[in-house]
Amino acid sequence: MDIRTPVPTIYGYFSEKYGPTWAEQASALKEVFGEAIEAVWMPGENPVDMPTYFVKKEKAHEFVTTLKEKYNYSFLTDMTATDESEDEESAKEGIRFHLVFHLMDPETKIRVRIKVKLKDEETIATFISIWPGTNWAEREIFDMFGIRFDGHPDLRRILMDMRWEGHPLRKDYPLRGYQIFMTPEPLDPELLK
Amino acid sequence: MSDSKFKNDVPLDIARWGFPGKFDVTIKKDSDDLFEDSKMLVNIGPTHPAMHGAFRCMAKLNGETIEKSYCEFGYTHRAKEKLGENRTYHQFIVYTDRLNYCSALVNNVTYAMAVERMMGIQVPERAVWIRMMAAEIARVIDHLICIGINAVDLGAFSYFVYGYHQREKAYTLIEQLCGARLTTSYTRIGGLMSDAPEGWENGVKEWVKETRGVIHELDRLLTENRIWLNRTKEVAVFNKEQCLLYGFTGPNARAAGVNIDLRRDQPSMFYDKVEFEVPIAQVGDVFDRYFVRVEEIKQSLNIIAQCADRLKPGPIWAEDKRTRIPEKDVVYNTMEGLIHHFKFFMNGFDVPKGEAYTAFEASNGELGFYIVSKGGPKAHRMRIRGPSFWHYQGLDPMIQGEYIGDLVAALGSINVIAGELDR
């Protein structure tokens with residue numbers, strides 16, 4: 001038994017309710033974007049709970065904008081990343097990170113997941129012009145994974161100290177990788193100019 | 001507040017977010033300011049009585065108006081997401097308490113749901129009703145703290161004490177349930193730590209009745225108070241469009257007219273079997289955020305009363321051998337039980353390969369657990385989507401052009417919890 005097994009609705013499982021909409025949107029998006037969509041994982045076939053689109057980096061912005069404006073997925077619930085360096089398939093392709101977006105339609109509450117594959121040291125343009133709320137999310141991803149966002153106005157560390165070395169959520173970062181600073185974090189006076 | 005007080009409204013460029021003129025932000029110029037354009041830097045926090053947690057806000061003032069600000073946090077960062085990858089699913093339960101520590105039970109319930117959903121486990125009916133009651137009691141506590149502290153910051157101390165009295169009683173009910181008051185760790189994957197004691201629901205019903213009276217009293221004390229209205233109406237407005245762009249959820253978004261409540265729209269547990277309403281306001285100022293919370297307490301009390309009526313004796317554990325913690329008498333008296341116990345706590349249980357994002361309406365907004373499992377007893381990625389992270393990001397644009405005194409009101413009204421923000 002796994003996520004593919006339809007579990008009762010006490011956990012809010014919506015495959016039956018939203019399944020047709022998901023399939024319809026997936027085929028429509030495939031027609032428009034063609035090869036820019038590397039793969040689509042549909043719930044039931046793959047162990048995921050919502051449709052997961054793997055989109056090429058170059059078309060990622062266009063893709064999320066289309067979802068936001070045409071398909072009304074205007075609410076960004078979450079933006080994060082995963083480190084796939086220990087995954088064999090990703091290692092073959094040279095992929096290090098997956099950038100993960102969770103979008104929601106505020107009217108129908110249908111959700112969708114978008115993944116962008118990134119190589120090590122690869123940068124991606126910022127998403128601030130689409131959702132200003134991604135500002136801090138991108139800062140957190142930079143802080144934790146070291147993924148850089150081109151054009152971000154203020155790409156600083158957000159949770160860790162400014163003097164911290166390394167990126168804690170990478171798989172090669174040790175669990176007890178303490179760094180202790182005896183003086184308070186310096187403030188950047190530029191920020192208020 | 002009338003507009004006549006602010007004669008020279010100056011448009012402010014918010015290029016810092018890359019959106020010049022995107023939102024209509026203006027500086028209210030105080031006509032009483034003798035020194036025109038007197039600039040001053042004010043640092044509030046990390047440990048300031050008005051901040052309610054370790055975070056910091058630097059503000060550049062023009063007279064008394066905030067011209068520019070930026071917020072810093074991370075002082076209580078405990079690497080929960082890293083720990084989630086290095087602890088078994090059972091061991092991670094205790095860390096979820098420390099997310100939003102004002103309503104720890106909601107976090108427990110959401111996390112248990114997230115893992116159970118990945119494993120395809122259904123918990124028995126009694127456990128679900130108890131979980132719902134626990135979550136709603138925690139929501140009432142959280143809202144009482146939020147509105148109480150918001151009122152204290154603006155000078156209404158007695159209001160806070162009324163609320164805290166009920167909060168203490170609620171904590172006693174939670175203590176009867178799980179032995180702890182603040183860090184509950186009550187749920188287990190596939191069940192509950194312990195059954196509710198006999199007659200617990202009667203105590204809850206009494207508390208609900210009492211709290212309804214207190215909420216009515218609180219309502220009369222503050223909601224139409226002139227000083228309160230002057231301090232909160234049309235202060236720190238965050239409208240519907242901004243809420244959607246900045247990822248606002250929960251009462252803060254509903255105060256601006258975003259009609260989303262996951263309890264109603266994506267009913268998990270038995271929320272589709274209870275009757276409640278979702279309060280919505282339109283303006284999105286401090287008063288609306290306060291008022292939506294007051295109304296939500298009333299609705300939560302209704303839900304608790306309905307759950308207490310339907311609570312029937314029965315099992316509290318899903319009979320799934322993977323996650324079922326063996327009973328103590330089995331552990332102490334049989335060899336198989338001892339081995340089972342040992343294997344469970346030392347090795348944990350395997351969660352099948354897959355990924356799921358499970359969201360639940362926590363007291364502050366959408367709390368989501370995005371778990372990626374590659375098989376095995378530990379998660380590959382344990383992402384926690386805390387609502388406070390997104391709310392605190394909205395504070396910067398929210399207080400642009402407001403008075404420095406209103407910063408305190410704005411911060412209290414969005415109810416940022418440091419534990420959930422820093423994770």
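Which residues does Ala134(B) touch, not counting residues up to four places away in sequence? The legends below, for a predicted model, start with that residue.

**Figure 1. Surroundings of Ala134(B).** Not counting residues up to four places away in sequence, Ala134(B) touches Leu105(B), Val109(B), Leu177(B) and Tyr186(B). Ala134(B) is also a member of the largest nonpolar core, which has 158 residues. Ala134(B), Leu105(B), Val115(B), Ile137(B), Ile371(B) and Ala410(B) are the members that touch the most other members. The element that gives the most to this core is helix 4 (residues 125–153) of chain B, with 19 residues. In soluble globular proteins, nonpolar side chains tend to be buried together.

**Figure 2. Chain B as a whole.** The chain contains 16 helices and 10 strands. Of its 423 residues, 52% are buried. The C-alpha trace of chain B spans about 85 × 45 × 35 Å along its principal axes. Counting contacts in chain B between residues at least 6 apart in sequence, 70% join residues at least 24 apart.

**Figure 3. The contact between chain A and chain B.** Chain A supplies 39 residues to the contact, and chain B supplies 52 residues. On the chain B side, helix 3 (residues 104–119) of chain B provides the largest share, five residues. Sorted by class, the side of chain B that touches chain A consists of 25 nonpolar, 12 polar and 15 charged residues.

**Figure 4. Strands 3 and 4 of chain A.** Strand 3 (residues 75–83) and strand 4 (residues 97–104) of chain A run antiparallel and are joined by eight bridges. Within this pairing, Asp78(A) has His102(A), in strand 4 of chain A, as its bridge partner. Strand 3 of chain A is mostly covered, with nine of its nine residues buried. In a regular strand the side chains alternate between the two faces of the sheet.

**Figure 5. Ala137(A) in helix 4 of chain A.** Ala137(A) lies in helix 4 (residues 134–145) of chain A. Is Ala137(A) buried or exposed? Ala137(A) is buried, because 25 other C-beta atoms lie within 10 Å, and a residue counts as buried at 20 or more. Met42(A) is 95 residues from Ala137(A) along the chain, and the C-alpha atoms of Met42(A) and Ala137(A) are separated by 26 Å.

Terms used
Residues numbered from 1 in each chain as written. Chains lettered and ligands numbered in written order. Predicted model: local features only at pLDDT ≥ 70, side-chain atom pairs only at ≥ 80, totals over all residues. Helix = DSSP H or I, 4+ residues; strand = E, 2+ residues; numbered from the N terminus. Buried ≥ 20, exposed ≤ 12 C-beta atoms within 10 Å, placed from the backbone. Pairing = 2+ DSSP bridges. Contact = placed C-beta atoms within 7 Å. Nonpolar A, V, L, I, M, F, W, Y, C, P; charged D, E, K, R; others polar. Core = buried A, V, L, I, M, F, W, Y, C linked by C-beta atoms within 7 Å.
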